[in-house]
Amino acid sequence: MTDPIKALWGLLRPYRRRYLLGGVILLGCDLGQLVAPWLVGVIIDGLRSGRLSIHRLGIDVLTLLGFAVMVAAGRYGWRHYVFGTARMVERDLRQRLYSHLQSLSASFYSHHKIGDLMAHATNDVLTVRGMCGEGVLEFLDPLFYVASTVGVMLFTVGWRLTLPSLLPLPFLTLIISAIGRQVYSRYKVVQGSFSDLSDRTQEAASGIRVVKGFVQEDAIRQQFVGVADSYRRRFMGMERFVAGFDPIIGLLAGSSSAIALLLGGRMVQSGSLTLGQLVSFFGYLNMLVWPMLAIGSAYNLLQRASASMSRLQDLLRTPPDVADAPGAIDLPDPVGAITIRNLTFAYSPDRRPVLSGIDLDLAAGQVLGVVGRTGSGKSTLVSLLERIYDPPPDTLFVDGVDVLEIKLAELRSAIGFVPQDSFLFSRSVESNVDFAQPGRGRDAVLHALDLAAMSDEAASLPDGLQTVLGERGVTLSGGQRQRVSLARALVRDPRILVLDDCLSAVDAATEARILASLRSFSGFGERRSGGERRTTILVAHRLSIVRDADHIIVLDGGRIVERGTHRQLLAQAGEYARMWYQQQAEAALAAEA
Amino acid sequence: MHDLEEDALGTFYDPALVRRLLAYARPQALTIVAAVGLLGIVTALQLAQPYLLKVAIDRDLVSHHGTLAGLAALAIAYVAVGAAASAILYGNTLLIQGTAQRIIQRIRQQIFDHLMSLGLAFFDRNPVGRLVTRVTNDTDALNEMYTSVLVNLFRDVFIISGTVAIMLRLDWHLALVGFTMMPLVALTTVTAQRLLRSIWRVVRVRLARLNATLAENFSGMRVIQIFNRQEHQLGEFEAINDEYFQASWSQLRISAISRPLLDFLGQVALMATLWFGGRQAMGHAVELGTLYAFTSYLRQLYNPISELAEKFNTMQAAMASSERIFMLLDTQPQVRDPDMEVHAAAAPEPPVDIPPASSPGGRVELRDVWFAYDTPEDPAEPRWVLKNVSLTVEPGQTVAFVGHTGAGKSSIMSLVARFYDVQRGQVLVDGKDVRDWRQADLRSKLGLVLQEPFLFTGSVAENILLWRATEATETGLAGQSLTADQNAARFLIEAGGDHLLAGLPAGLATEVAERGSSLSTGERQLVAFARALAARPTILILDEATASVDSHTEEILQKALERRSGEVTTLIVAHRLATVQQADRIVVLHKGQIREVGTHAELLALDGLYRKLWLLQADTEDSRAGKSPAGLAQGQYVREDGAA
């Protein structure tokens, strides 16, 4: 057994009793269905010989009715046990997939588009479900059907009629499943072409200023003509095979009937077969068409499901790259000292380093300001502290311990992190703030919102703290989102607070209020002893946020190019000073009425 | 109000929509009629097969005069009829699909062309994803309608009516017995469809919720991990996953009941036929062959009835899609070319006042311009972005625009490119109102560099020359003709990108990947600048072009601009005052109005807003003049001016 098939079997195993039951019911159904053609034959013979009484006819019809009821019930039963169980497998698989994906780090997510992950969680899982439902049916049913039907045929009319009549049917299986494979491979081409259509439109629409500004409408249209035309051609390339299904089935099944008519008819004429037997035989032949198609379809389905399964396995086997090291230690009472030693970091070995030679000492309770242009490495620096990505060993220490040797959960709960994108979940304000550890209580949430200068606005939302945010709820402004995200970090009462440029959309007055409450929260700018203060890292574009920091570093191209306090940096008259005066100028301009 | 609504719900049938959809099929009307005719033939052939068996039974098997030759002839006829039906069916399916695909391609092209003709205001209002859906999925839903509904509807109707006719003709008493289950089959189908539709809605809602949760958790995975919330989220996901499972289980249950039930009803019809037919056959009122044929025809009769109901769903989806498509197609472009409305038929000659060839061109004038992004239909007073702005830029001048975010700097750039039309006043380029220019003629004078460097999928060369490569057989200094690549290289170097050029892994043929992971933002901006130079503009527009690039790209762009100053009219929107210091004129905008205009020296002397800004920045700028910022050795990136 190949690997993905073994994995498929692993999914089915827990449910093997249900499948067994489903299989037994299916077998019963298939046998029950043989009764109808047989009885039709019997009735015809009875009529032909004139020996059929009305009484007898009645019994036959009632027997037929009885079996029909039984078959209908059985058909419900196997659907329940086979198709239904497939849905359970689907549920399990999706759950396992999600659970595993949750253990993977940011570097996994930066290499996998969310759209692709969604495709795995939906399409691939559905394909596997198809295999576990329709696929299982299409394997079992032909087996039972062919065995029972052909058995009955051989028994009632003998091989002389049976074998020649069945001759076309294997070809039916071969041709149809070959067509099925062709259709599938072409379908993928068509899908690719469909994404081309979508990409072209997307590109033209999002670059519309450039398209129009450079008078490229005609060129873009011509490109689209090409793409649309190639889509049609490829679609028709697939359709040439799809259109073959029905005609081939009709032709081969028809040939089978014609052979039966000729040979069986001759036997009837010579008296070696009754008319009723021939009619039953026609009935059986008809019943064989579907299993012949099913075998091929099951084979194709299995191939697709193994492809899907191996894609899913690739995901399921990706080891979590940011994980607890063996023997990782707790951080029972963190004080929050941060040390960085000659830190150079690249997202992958073949890419340029994002940070080079960073050295830094931050005593417990100190406040660090990190500034620099977009792409200078600010966010990367703080995400390493949080171990969103793993730094190289022996470069980053919290309380003197290499972060790689601290348990992830311990490290992260010591840090209150406010990410740049201020991602909020579509749930209530309260549960967004109280995200880390629900149940801290309303007062804690209100206090955190208060610190983030968000409590009044939160209270004035339609349902107050219970207001649901996001797509299905209220859309907050960028500044409000940033403040809720800040409250989410503050509510944990962390030893280390990290703000990754998270006040960019907050206006100047609110920013001042937040800075004031951060001062009292972290104790920076005040003469408190280190133990009463919280280590705070402020990443910012706006320098007004960092001016009170104990220590400010300016990053450019991944290196620290300037460092010092606000005063020292202004005196250096470098990049920091330039940015400071420019921002002052802008503020002055904005204030000008 | 022109927003394209996403959730417009369709009905089964909207005559106005259907008429419009059929209009697209009109050019192929003959083909469609032929295809429907062929379908009739296929159906007739398929219905003939059971009849042949009936003849075989009654003539050659029941009666004692049957001959082997007769039987063989019927068997051959049976295969021949089947083969003919198959061949015609195959050809016909391709004919229908081909026709439908052509219709769809035409609609798709029309939507795309229409999109390209719409103004920027439309794109501001409609998210890109929505527009993509119109071109792709909505047209696909129409394809479903043209092929599956239009065609199979005919087929099903043919089969049902043909079967009914044959059965009635063979034996109408027996036929009526066979039809008894039809109302029940129809009822079951309709009921099951209704139940399925309502449960399908639940399934879809829960699936959407499941997918939304997945997508949300995937994109918020960082937050989940930072806050150690994995276990809790897993539990929540399990609940949502299970809800979906429950719904899909109920859905399964309905179809697990309805399908066997439909089969069962067919069986009952068969039994009734056997019962009545058998009794009549005992009195020889019915031939055995007829009885047999009935059992075959009954099978063919009951299938299409249940399939008909499913067509309604397809039809509904197609109606909804076509409504959205037509809403888009009915959106009128607000920015139009002059001859589109006025001289539609009467202007075969080119626009009249083309400036004389000797004049370099590049004069830009704004006269009492009032502008707002709101649509003119908006009842309230528009939110003016520009108020009474007047300004003249002479050919070859460099004019810089400074001011706070939202002051209206970028809007002026958009108006010169006529991305929007002004509400009051006039924008003139080379003495002519931009509304009197053909948009293509106007914009081919411009070289545009935007804040976010947008690059197309393709090579660096393609992005510089765009799709003008063929006409660009330009000649170099010594008179020799340049290849497209040499040409592109020249512009990239002119833009200051010689270092970038040397570092490109595959030279100019290097592919610019989507969202450009291979090139940095700064490098992309250099390519965008080279593209603007390659347009050979008489007016160069830099709209915050240096705002999101790194410091040495900014220096490179600055140098490149200085080299070209005086050659073309240049409009710059910039952040840093040092960047604009050398401009011939500086325009200080504030809240949509011009506050100050003049050279750097004049504005300093004016002691106004600019001076205030300048003094605040001056300290640092002066001290920076001598040394490179950020301690980076930028000299290597900057070419000596004389080196060209």
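**Note on the chain A and chain B model**

1. Chain B and chain A bury about 13,200 Å² between them. Carbon and sulfur atoms carry 68% of that area. In chain B, the residues that lose the most area to chain A are B:Met116, B:Phe218 and B:Phe227. Together these three make up 6% of what that side buries. Bear in mind that this is a predicted model.

2. Which residues take part in the contact? Chain B brings 146 residues and chain A brings 141 residues.

3. Polar links also cross the interface. The count is 32 residue pairs in polar contact between chain B and chain A, both partners at pLDDT 80 or more. Helix α9 of chain B, residues 230–282, gives the most to the side of chain B that touches chain A. Its share is 33 residues. By class, that side of chain B has 73 nonpolar, 41 polar and 32 charged residues.

4. Salt bridges come next. Side chains of opposite charge can pair when their charged atoms come close. The rule finds 5 salt bridges across the interface of chain B and chain A. One of the salt bridges joins the side chains of B:Arg443 and A:Glu217, at 3.8 Å from N to O.

5. Over all chains, the whole structure holds 44 salt bridges. Among them is the pair A:Asp359 and A:Arg341, with the closest N and O atoms 3.8 Å apart. This pair links distant parts of the chain, 18 residues apart. A:Asp359 lies in strand β2 (residues 355–362) of chain A, and A:Arg341 in strand β1 (residues 338–345) of chain A.

6. Helix α11 of chain A covers residues 245–270, 26 residues in total. From first C-alpha to last it reaches 37 Å. That is close to the 38 Å expected at 1.5 Å a residue. Just after α11(A), A:Gly271 takes a positive phi of about 85°.

7. How is chain B divided into domains? The domain assignment gives domain 1 (17–329), domain 2 (361–445 + 573–605) and domain 3 (607–644). Taken over C-alpha atoms, the centres of domain 1 of chain B and domain 3 of chain B are 72 Å apart.

Terms used: Residues numbered from 1 in each chain as written. Chains lettered and ligands numbered in written order. Predicted model: local features only at pLDDT ≥ 70, side-chain atom pairs only at ≥ 80, totals over all residues. Heavy atoms only, no water. Contact = heavy atoms within 4.5 Å. Buried area = accessible area lost by both parts, 1.4 Å probe. Salt bridge = Lys/Arg side-chain N within 4 Å of Asp/Glu carboxyl O. Polar contact = N/O pair within 3.5 Å; in protein donor to acceptor, adjacent residues only side chain to side chain. Helix = DSSP H or I, 4+ residues; strand = E, 2+ residues; numbered from the N terminus. Nonpolar A, V, L, I, M, F, W, Y, C, P; charged D, E, K, R; others polar. Expected span 1.5 Å × (residues − 1). Domains from an automatic or database assignment.
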